[in-house]
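Please keep the sequence and the structure in view while reading.

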Amino acid sequence: MFSAADQEYMSQALRLAEQGLYTATPNPRVGCVIVRDGKIVGEGWHARAGEPHAEILALRQAGASAKGATLYVTLEPCNHYGRTPPCTDALIEFGVGRVVAAMPDPNPLVAEEGLKKLQIAGIRVTSGLLQSEARELNKGFVARMTRGTPWLRLKTASSLDGKTALNNGVSQWITGAVARKDVHHWRACSCAILTGIGTVLADDPLLNVRDVDTTRQPTRVVLDSRLRMPPSAKILAGGNVIIVTAVQDQARREKLQAKGAEVLVLAGVSGRVDLKRAMEMLAGCGINEVMAEAGCTLNGALIAANLVDELLMYMAPMLLGDKARAMFDLPELTAMNGRREFNVRDARMVGRDVRICSRLSDEE
């Protein structure tokens, strides 16, 4: 169905899409290549919301050469008006002869209607080429569109015996400088960084991107059931902060809002924040990928609520002992059938530390 040339050109489109890794959110990362007579005549990738889509940029570059050409795109072309006009109309107008899409768009506003529209216009359409790779690039967007919650990546930094801090709370630094710098790449890929008030009170972190060249900072989200956030906290600097609480305290709320924070009340059971509703709220804000950087209490709660898609674990070659703090606060198991299993997708050295990426065993 697909030739070696098709594979090559779609691979190039995927490489182009990766250039939007840090900036395309809340839109998907999309790349496009236009080929005529065995030669690339147009390329494009989507940089940020409100700017031209990958197909439009490639068409502009190709110009008249787009007529009768084959267009390779990593996601089904849109057929609806959003911040920009439908890409399908432009493809028809330019007279493209064939469209190869890596995957259908999970957005209900598209839902393969874009491909159908192109077929009706007489354009040859195929899809499914390098679909797994395209889906992986936009797993957060797919999650938000299909299940209504973002992709949640939980990051930990621990010793070999699974400890994240000494019993007295001291944790700087367990992992080395190379690993800490690597974390900033993952932060930059994320739409939001999630933490708990315990981490804010203990470490007063910024939780922003510092070691990666990017024009976009992720939203910082703090789960703060009792609204204990001090207005002087570093995380409030620069705004773009959402505080999710379980209490109605107008006086404290107004002080935090004066610092530029958005405060939302999402009460659950036992006076805690409703984690599932918090994730749904973030999806409603256009958040595709969330990275949690928190302590064992929130880490355990997120896993117990079945909200974690991926573990990003940095392990340093050291032992901190039995009394040190663990990665996850989870209830004791009395039978092995209660265990949670993950599939390791990648394991590598990052400086002197080991980085392990794993996902729930039922994830694709």
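## A residue in strand 6

S159 lies in strand 6, which covers residues 151–159; here helices (H or I, at least four residues) and strands (E, at least two) are DSSP runs, numbered from the N terminus. Because its relative accessibility is 0%, S159 counts as buried, a word that stands for under 20% relative accessible area, while exposed means over 50% and partly exposed in between, with a 1.4 Å probe and protein chains only. Leaving out residues up to four places away in sequence, S159 touches I174, M315, A316, M318, L319 and L320, where contact means heavy atoms within 4.5 Å. S159 and S132 are 27 residues apart along the chain, and their C-alpha atoms are separated by 33 Å.

The model is predicted, so local features need pLDDT of at least 70 and side-chain atom pairs count only at pLDDT 80 or more, whereas totals for chains, interfaces and linings use all residues. Residues are numbered from 1 along each chain as its sequence is written, and side-chain values use heavy atoms, with hydrogens and water left out.

## Two residues in loops

The loop between helix 1 and strand 1 holds G20, which is buried, with a relative accessible area of 0%. Not counting residues up to four places away in sequence, G20 touches R29, W45 and H46. G20 and R48 are 28 residues apart in sequence, and the distance between their C-alpha atoms is 7.3 Å.

K234 has its place in the loop between strand 9 (219–223) and strand 10 (241–245), and at 46% relative accessibility K234 counts as partly exposed. When its neighbours within four places in sequence are left aside, K234 is in contact with D204, P205 and L206. K234 and L207 are 27 residues apart in sequence, and from C-alpha to C-alpha they are 9.0 Å apart in space.

## Helix 3 and its two partners

Helix 2 (residues 54–62) and helix 3 (residues 87–94) pack at an angle of about 20°, and their axes are 9 Å apart. Axes are lines fitted to C-alpha atoms, for helices over the stretch in contact, and angles run from 0 to 180 degrees between N-to-C directions. The angle makes helix 2 roughly parallel to helix 3; angles under 35 degrees count as roughly parallel, over 145 as roughly antiparallel, 65 to 115 as roughly perpendicular and the rest as oblique. The crossing of helix 2 and helix 3 is left-handed, which is the term used if the near helix is turned anticlockwise from the far one by less than a right angle, and right-handed is used if clockwise. Helix 2 contributes E55, I56 and L59 to the contact, and helix 3 contributes C87, A90, L91 and F94. By class, the contact of helix 2 with helix 3 has six nonpolar, no polar and one charged residues, where Ala, Val, Leu, Ile, Met, Phe, Trp, Tyr, Cys and Pro count as nonpolar, Asp, Glu, Lys and Arg as charged, and the others, Gly among them, as polar.

The axes of helix 3 and helix 4 (residues 113–120) come within 10 Å and cross at roughly 20°, and these two helices are therefore roughly parallel to each other. Helix 3 passes helix 4 in a right-handed crossing. In this contact, T88, D89, L91 and I92 of helix 3 meet G114, K117 and L118 of helix 4, and the residues divide into three nonpolar, two polar and two charged.

## An aromatic pair

A pair of aromatic rings is described by the distance of the centres and the angle of the planes. A search of the whole structure finds one aromatic pair; rings of Phe, Tyr and Trp (its six-membered ring) pair if their centres lie within 6.5 Å, and planes under 30 degrees apart count as stacked, over 60 as edge-to-face and the rest as tilted. The pair is formed by Y9 and Y72 and is tilted, at 5.4 Å centre to centre with 40° between the planes. Y9 lies in helix 1 (residues 4–17) and Y72 in strand 3 (residues 70–73), so the pair ties together parts that are 63 residues apart in sequence. Y9 is buried, and Y72 is buried as well.

## Notes on the backbone

Most residues other than glycine have a negative phi, and most peptide bonds are trans. The peptide bond from T25 to P26 is cis, with omega near 5°, and P26 is found in the loop between helix 1 and strand 1 (31–36).

L227, although not a glycine, has a positive phi of about 55°. L227 is found in the loop between strand 9 and strand 10, and at 2% relative accessibility L227 counts as buried. S270 has a positive phi near 55° and is placed in the loop between strand 11 (262–265) and helix 10 (275–284), where S270 is exposed, with a relative accessible area of 73%.
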